[in-house]
Amino acid sequence: MGPDGGKVVAAKVGEGHDRRSMSEKSPPIVAIDGPAASGKSTVARRVASALGVVFVSSGGMYRAFTWWVLEKNVDPAANAAVVELLGATSFDCGDDCGVGTITVDGQMLAPEAISAERVNRNVSIIAAIPEVRSRLVAEQRAYGQSNGLVMEGRDIGSVVFPDTPYKFYIDASPEVREQRRRAEGITDSIAERDKADSSRAASPLVVPEDAVVVDSSDLTVEEVVDSVLAAIAEQRDQV
Ligand code: CDP
């Protein structure tokens, strides 16, 4: 399970209020974190589309590399071999960097590949390796140099973009999350992944200190998207 602390924490409010409208300000970097199957990917993609910025699934990148490790018959538990493969691997994706658009060494990964059960089983092992994290975090920050983005994952507000004022943590009860994954027809031990992701030494899943926490258990996707967009608009008025 993800960390507790499900209270809604008001995001920090900047001092100077300026009169430029939201569209005149530089595009925002929006960080959306949360445990497995909390719906953050769907929400993040829709928020990105509403804001007209790039969507990046950081989990998609960890998944893509995990798929590559397995494809190359490297043992996910053999850190040195995994890190060696990482050094020889390139990643890329376009303006919608998620399932179905990420390429590894020029190979486009199909959605079935990236969400395969063997990837689900091994991704948290690969994602706990510090060298893997630092390389992928560097790739993720490079996206932030462009024109704003919405990135979702586990450490986006805490590690990748700690300075952005637009931080969200999307949660849902374990039962609802299990149910959502089952409805997708995907075999995924989300409780195990959450435990591994929350307890690892390198960038564990946490609720960023100044994040707006949304419990999506009883909300529709539209309601979550609307509440995230409303919080961003309010923040932007004040930054
Ligand atoms: O879609 P779901 O929430 O189940 O997972 P995901 O976002 O695709 O992430 C898959 C796995 O990648 C997670 O269980 C983590 O082990 C890892 N991950 C991470 O360590 N850091 C991130 N920023 C994103 C994902």
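What is the mean pLDDT of the chain, and what share of its residues reach 70 or more? I looked this up before anything else: the mean pLDDT (the predictor's confidence in each residue, from 0 to 100) is 87, and 89% of the residues reach 70 or more. I note that over residues 1-21 the pLDDT is below 50, although this stretch has 38 contacts in the model beyond near neighbours in sequence, a contact being two C-beta atoms, placed from the backbone, within 7 Å. Where pLDDT is low, the predicted coordinates should not be read in detail.

**Ground rules**

I am working from a predicted model, in which local features need pLDDT of at least 70 and side-chain atom pairs count only at pLDDT 80 or more, while totals for chains, interfaces and linings use all residues. My numbering starts from 1 along each chain as its sequence is written.

**The six-stranded sheet**

I took helices (H or I, at least four residues) and strands (E, at least two) as DSSP runs, numbered from the N terminus, and I counted two strands as paired if DSSP finds at least two bridges between them. On that basis I traced an open sheet of six strands in the order β4-β2-β7-β1-β8-β9, with parallel pairing. Its edge strands are β4 (96-97) and β9, each of which pairs on one side only.

I then followed β8 (residues 166-171), where confidence is highest in the chain at 98, whereas β4 has the lowest, at a mean of 84. Strand β1 (residues 29-33) pairs with β8 in the parallel sense over four bridges, and there V30 has Y166 as its bridge partner. β8 also pairs with β9 (residues 212-215), again parallel and over four bridges, with F168 standing opposite V212.

Are the residues of β8 buried or exposed? I found six of the six buried (20 or more other C-beta atoms within 10 Å of a residue's own, against 12 or fewer for exposed and partly exposed in between, with C-beta atoms placed from the backbone), so the strand is largely enclosed by the rest of the structure. Both faces are covered, with Y166, F168 and I170 buried on one side and K167, Y169 and D171 buried on the other.

At β4 I checked the pairing with β2 (residues 54-57), which is parallel over two bridges and in which F55 has D96 as its bridge partner. D96 touches F55 and T101, not counting residues up to four places away in sequence, and is partly exposed, with 15 other C-beta atoms within 10 Å. I also recorded that D96 and R45 are 51 residues apart in sequence but 8.0 Å apart in space, C-alpha to C-alpha.

**The three-stranded sheet**

I found three strands forming an open sheet in the order β3-β5-β6, with antiparallel pairing. β3 (91-92) and β6 (107-108) stand at its edges with a single partner strand each, so one side of each is left without a neighbour in the sheet. Two bridges join β3 to β5 (residues 103-104), where T103 is the bridge partner of D92.
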